[in-house]
Each structure stands twice: as structure tokens, then as C-alpha cells.
There are 2 protein chains.
Amino acid sequence: VTAAAPAPTTDGFGDLVAARVADRRSQLVLGLDPDPARLWPRALELTEDAGLDGTATPAERASTAVRIHCGLAIEAAGEHCVAVKLQVACFERLGAPGWEALGEVAARARDAGLLVIADAKRGDIDVSARAYAQAFFGETQTAYGPVQGIGVDAITANPLLGLDSLWPLVASAREHGGGVFVLVRTSNPGAADLQELALRDGGTLAQRLAAVVSALGADGIGAAGLADIGAVVGATAPEGLRDLRDRMPAAILLLPGVGAQGGHVEDLAPAFAPGPAAALVTVSRGLAQAHERLGGDPAAVAAAEAARIRELAWRLAQ
Amino acid sequence: VTAAAPAPTTDGFGDLVAARVADRRSQLVLGLDPDPARLWPRALELTEDAGLDGTATPAERASTAVRIHCGLAIEAAGEHCVAVKLQVACFERLGAPGWEALGEVAARARDAGLLVIADAKRGDIDVSARAYAQAFFGETQTAYGPVQGIGVDAITANPLLGLDSLWPLVASAREHGGGVFVLVRTSNPGAADLQELALRDGGTLAQRLAAVVSALGADGIGAAGLADIGAVVGATAPEGLRDLRDRMPAAILLLPGVGAQGGHVEDLAPAFAPGPAAALVTVSRGLAQAHERLGGDPAAVAAAEAARIRELAWRLAQ
């Protein structure tokens with residue numbers, strides 16, 4: 001895998017993650033996948049007081065409630081985390097007000113000292129990939145002045161369209177000191193359908209994707225030894241984790257699937273082999289919906305679960 | 001490839017496309033990838049008259065201009081087309097007003113009798129795929145009432161996460177009489193990096209994806225012999241087109257890449273083998289930006305190019 005390299009950075013996403021993980025003593029990522037039918041009751045109460053007038057649409061009301069819910073979750077669990085991961089689908093389904101809420105939640109997370117990862121899983125041909133890069137990292141030139149994108153620290157990307165589809169996201173991330181997490185081995189049961197296909201020349205598709213990640217990140221490795229191009233590797237398939245880690249020694253692994261999807265933090269040790277910031281553990285429903293399983297006040301239970309998982313991961317990484 | 005089937009439909013997307021293609025005598029899809037820095041001058045003029053007040057943001061102004069530009073393109077070229085394909089990235093980069101414009105352009109296209117394809121290339125784990133299905137086909141339940149999605153006829157989907165990631169999109173499309181175009185062999189130069197990888201058990205990844213498409217669509221074949229699950233197959237790689245067609249005999253092929261990306265309509269005959277509605281030819285920059293290459297009034301040139309390509313495709317399909 002070869003490609004022309006954008007200019008290398010001196011202080012890129014790898015160093016940013018390393019510094020934040022050390023600073024916050026956490027590798028935990030608060031996943032925010034808000035379901036407007038399952039928001040915390042307190043968010044619904046506060047939405048009543050939010051000053052929406054009688055003409056507000058259901059989308060505007062629900063987006064306000066989603067924004068408040070996410071703010072409460074950040075307030076409750078954020079101190080135990082190093083980043084948030086925003087599931088873009090959950091905002092997009094609320095239309096324009098949902099997209100507005102996405103930006104507001106990202107800003108709220110940044111204010112709380114958290115890195116912002118857009119779980120967008122975008123992937124498109126070069127001209128469209130550049131448009132997505134503008135939406136998430138950069139800005140768009142128009143006849144009326146520039147339009148700022150959301151301004152995230154990292155995005156998840158789908159590599160199926162090949163290197164030239166990833167490159168605009170990589171270049172834009174790098175230019176803005178951000179990162180890209182490329183899907184390598186996802187956390188869902190059907191991930192194996194394609195990602196575990198054996199290739200004629202050896203290895204699996206996931207292993208090939210790992211090589212792509214390693215090559216893309218080669219010019220973006222910072223002083224901490226971590227690259228700005230990471231990989232999504234589901235915590236639900238720990239048996240392949242050590243192998244993928246070996247194939248991407250400098251990549252930060254984003255590990256979804258702990259909790260609701262059945263993954264266990266205890267199985268993730270190989271991900272941390274290069275150092276404590278070499279992997280980030282994302283938990284979504286396992287935090288914001290922990291009260292449905294454990295009982296108690298949603299915020300208090302989310303905070304306690306975040307503290308527990310953070311501690312598990314931190315010890316594992318030492 | 002096996003999976004539990006949602007309830008079959010009697011009058012699904014395949015029949016809808018067949019009827020519209022016959023009615024409009026066209027397989028041409030107007031691709032709308034609006035670049036706010038390259039809109040038609042007439043769109044900028046009309047934006048001045050659109051009644052935006054002094055407080056409108058650049059994003060609001062640019063989104064209004066994009067909406068007007070797309071409306072003009074539909075007005076000019078729509079009569080030669082059977083559908084529009086909206087590149088979601090181009091709207092998303094304008095934030096919430098851009099998302100609003102996406103819905104307005106979709107409505108404008110429907111009013112002009114055109115099918116609406118969201119070129120979103122989404123793909124995510126089941127719970128998130130359901131959220132995307134709500135955003136594009138369905139609605140989202142909230143404490144404040146349901147929030148309607150954009151309401152498209154079809155979406156493009158990325159299959160890398162496997163069958164369980166496609167299934168929610170398929171089920172929702174089917175429920176709403178719509179379709180899904182799964183990425184099989186894309187039109188970009190880097191498509192071969194992964195899609196043409198040879199598998200140990202024979203064939204390429206693209207051929208495996210074709211099998212997935214065929215299996216997913218098996219329960220959604222209408223009276224016209226066309227399935228509701230189609231495939232994106234780039235017009236830039238015609239050498240593999242006949243093979244992929246044979247592997248997906250009932251799939252409607254969405255063929256991007258004609259024009260700016262170097263594909264030629266004349267090479268696409270195998271795609272139409274099952275019948276005139278078995279393939280749709282999408283042209284984006286080759287229509288809306290044809291005046292940059294050919295000179296003349298943008299609308300007139302777009303209309304003339306649309307008429308020309310429509311006729312080429314129609315003759316090819318007889």
C-alpha cells in the first residue's frame with residue numbers, strides 16, 4: 001500500500017490523545033447515541049423549561065431534549081472520560097435541528113475538556129470525501145463567506161472505496177490536528193461476513209485493512225509513538241485483537257462493543273500493548289442506559305459505571 | 001448468503017422504477033452534488049431576491065442558493081430524467097441549513113415526478129443503521145410526536161459491516177416501497193484497492209458483494225422482474241459489468257461515473273440486458289457543470305446534455 005503523503009505534522013492527533021489520556025488518566029470514551037424515545041427524565045423536564053415557544057416542531061423539541069440529555073450525560077460521566085463519540089445517525093434522524101444539536105453537543109464536550117469523535121463511518125469518492133471533510137473538520141467556501149464544519153477531533157471512516165477515498169479525510173484531519181479511525185473489524189455480529197473473508201494472497205480483509213491503516217498513518221506518527229490514523233476494532237472479537245495490534249503498532253485503536261454489545265474490558269489488554277493511550281474504549285448504551293439495567297438515578301449510575309470501566313481499563317493499560 | 005426475510009412486497013421499488021422508466025422513456029439520473037462555490041449565476045441572482053434578511057448566516061444564504069441552484073437544474077434537465085441522486089455530503093457540509101435544503105430539494109424533485117435517491121453511502125451496526133433508515137425512509141418516535149425523515153425512494157449503502165448492517169435499511173426501504181443500492185464496484189480510481197481483491201475461495205470482493213445484493217433482493221422481486229435491492233457499479237470499469245450483471249440478474253444497477261469521471265454510456269449495454277429499467281445512468285458534474293466545458297447558458301447546456309445522454313442510453317437499452 002503506497003500513496004503520496006500530505007505534509008507530516010509535528011504535533012498531531014497521536015500526541016494530542018497521548019497528552020489527554022495522561023492528563024485525565026482515562027481511556028474511556030463516552031458514546032452518545034441518543035434515542036429520543038429513551039432520554040433521561042431530567043432531560044425531558046429541562047426541555048419543558050428551555051423556553052421553546054408554541055410553534056416549535058417535534059423535531060426542534062426532540063433535538064433540544066437530545067442536546068440537554070447529552071449535556072447531562074457529559075456532566076455526569078465526562079470527568080471519567082477522555083472523549084465523546086457522537087453517533088451521527090442519531091442526530092441526523094432529527095433533521096436540521098438534529099444536525100444543529102450535533103454541533104452543540106460537540107461544543108459542550110469540548111468545553112468539558114473532552115475530545116470529540118464523530119462516529120460517521122463516511123466513505124465516498126474523492127470529491128465527496130472532501131465535502132465530508134469540510135463538514136466535519138474544515139470549512140466550505142461559498143459566495144457568502146466560509147461555512148464552518150462541526151469541528152471534530154476525529155471521524156470514523158469506511159475504507160471500502162479504497163485509498164483515494166480515505167485520502168481527503170486523512171489530509172483534512174492532519175491539517176486540522178485531528179485523526180481518522182478507519183473501520184478494520186467492527187463490533188457487530190455480521191462483521192465477519194466480509195471483514196473476515198480470506199484473501200487469495202493470504203490473510204483476511206480485516207488484516208488487509210490493518211495494513212492500509214498502518215500505511216496511511218506512517219507519516220503521522222508523533223513524539224508519543226502514536227499515529228494520527230487509528231482503527232475501529234470491535235471489543236466483541238478479542239481473539240483477533242493481538243494480531244491486528246501487531247499489524248498496526250502505532251495506531252490508536254477505537255474499541256466499541258463493551259457492554260450492550262457483549263464485549264468485556266478485561267479482554268482488551270493487547271490493544272494497550274504500545275502504551276496507555278494506544279487504545280480508547282467506547283461505551284454508549286452501557287453508560288447512558290445503565291440505569292435501565294441496574295436501577296437508580298440515570299446520572300448517578302452512568303457516573304458510577306464510567307468510573308468502574310475507566311478504572312478497569314486504566315489498570316489493564318499499566 | 002442467507003438471512004431471515006422481511007415480508008415480501010407486491011408492488012415494490014423494482015416495479016416503481018420499471019413504471020417510471022417506461023413512462024418517462026429515460027434511464028438518466030440527474031446527480032446533484034452542489035458546490036456552493038460553483039453554482040449557476042442565475043441561482044445567485046435569485047438568492048438575492050429570496051427575501052433573506054440581514055441576519056441570515058453564510059450557511060443559510062449558501063443553502064438557499066444551493067436549493068435554488070438544484071431547483072433550476074431540475075427545471076432544466078428534469079424532463080429528460082427519471083430520478084435525481086442527491087450527494088448528501090454536499091448538503092451536510094452546510095450544516096443544519098444544508099440538511100434543510102436537502103429535504104427541500106428532495107421535495108422539489110418529487111414534485112417534478114422524479115424518483116429521489118439519497119447518495120449517502122451509509123453503513124453501520126444494526127441500531128445505528130435503523131437510525132439512518134429513520135433519517136432517510138421513515139420517522140423517529142419522540143416524546144413530542146414523530147419526526148419525519150427526508151422521505152427518499154432509495155439510498156446508497158456501504159456493505160462493509162455485513163448483512164446485519166444492511167438489513168435495517170432493506171427492511172425500512174421495503175416497508176416504504178423504496179430501494180437500496182449497495183456499493184459493489186464503485187467508480188473511483190481507487191475502487192480496485194479493496195473491491196477487486198481476490199478471495200481465497202474464488203472471485204473478488206466485488207463479486208462477493210454482488211452475491212450479497214442478489215440474496216438480499218431475492219424476496220423483493222416485482223412483477224417487472226426487478227428487485228428492490230440494487231447495486232452501485234461504476235461506469236468507469238465496464239470490463240467487469242457483464243460479469244456483475246450475470247451475478248445480479250434482477251438487480252437495478254446504478255451506474256455513476258459517466259462524464260467527469262471518464263465513463264462512457266456506450267460501454268454500458270450489458271447493464272441493460274434484463275430490460276430497459278435494469279440500469280440507471282447517473283450524471284452529475286457532466287450535466288450541472290457542462291457549461292464550464294462546452295460554454296453557453298448553464299441551464300440550456302445541461303438540458304441539451306441530458307437529452308443527448310438520455311437518448312444514447314435509451315437506444316442502448318432497446
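This is a predicted model: local features need pLDDT of at least 70, side-chain atom pairs count only at pLDDT 80 or more; totals for chains, interfaces and linings use all residues.
Local features need pLDDT of at least 70, side-chain atom pairs count only at pLDDT 80 or more, and totals for chains, interfaces and linings use all residues. Residues are numbered from 1 along each chain, chains are lettered from A in the order written, and side-chain values use heavy atoms, without hydrogens and water.

The same surface serves both copies: 100% of the contact residues of chain A recur in chain B. Contact means heavy atoms within 4.5 Å.

**Helix pair.** Helices (H or I, at least four residues) and strands (E, at least two) are DSSP runs numbered from the N terminus.

| Helix of chain A | Residues | Residues in the contact |
|---|---|---|
| Helix 6 | 126-136 | Asp126(A), Ala129(A), Arg130(A), Tyr132(A), Ala133(A) |
| Helix 7 | 163-175 | Asp164(A), Ser165(A), Pro168(A), Leu169(A), Ser172(A) |

The axes of helix 6 and helix 7 of chain A come within 8 Å and cross at roughly 30°. Axes are lines fitted to C-alpha atoms over the stretch in contact, with angles from 0 to 180 degrees between N-to-C directions. The two helices are therefore roughly parallel (under 35 degrees). Their contact residues divide into five nonpolar, two polar and three charged. Here Ala, Val, Leu, Ile, Met, Phe, Trp, Tyr, Cys and Pro count as nonpolar, Asp, Glu, Lys and Arg as charged, and the others as polar.

**Strand residue.** Thr282(B) lies in strand 10 (residues 279-283) of chain B. Thr282(B) is buried, at 3% relative accessible area (buried is under 20%, with a 1.4 Å probe and protein chains only). Beyond neighbours within four places in sequence, its contacts include Val29(B), Lys85(B) and Leu254(B).

Notes. Angles under 35 degrees count as roughly parallel, over 145 as roughly antiparallel, 65 to 115 as roughly perpendicular and the rest as oblique. Buried means under 20% relative accessible area, exposed over 50%, partly exposed in between (1.4 Å probe, protein chains only).
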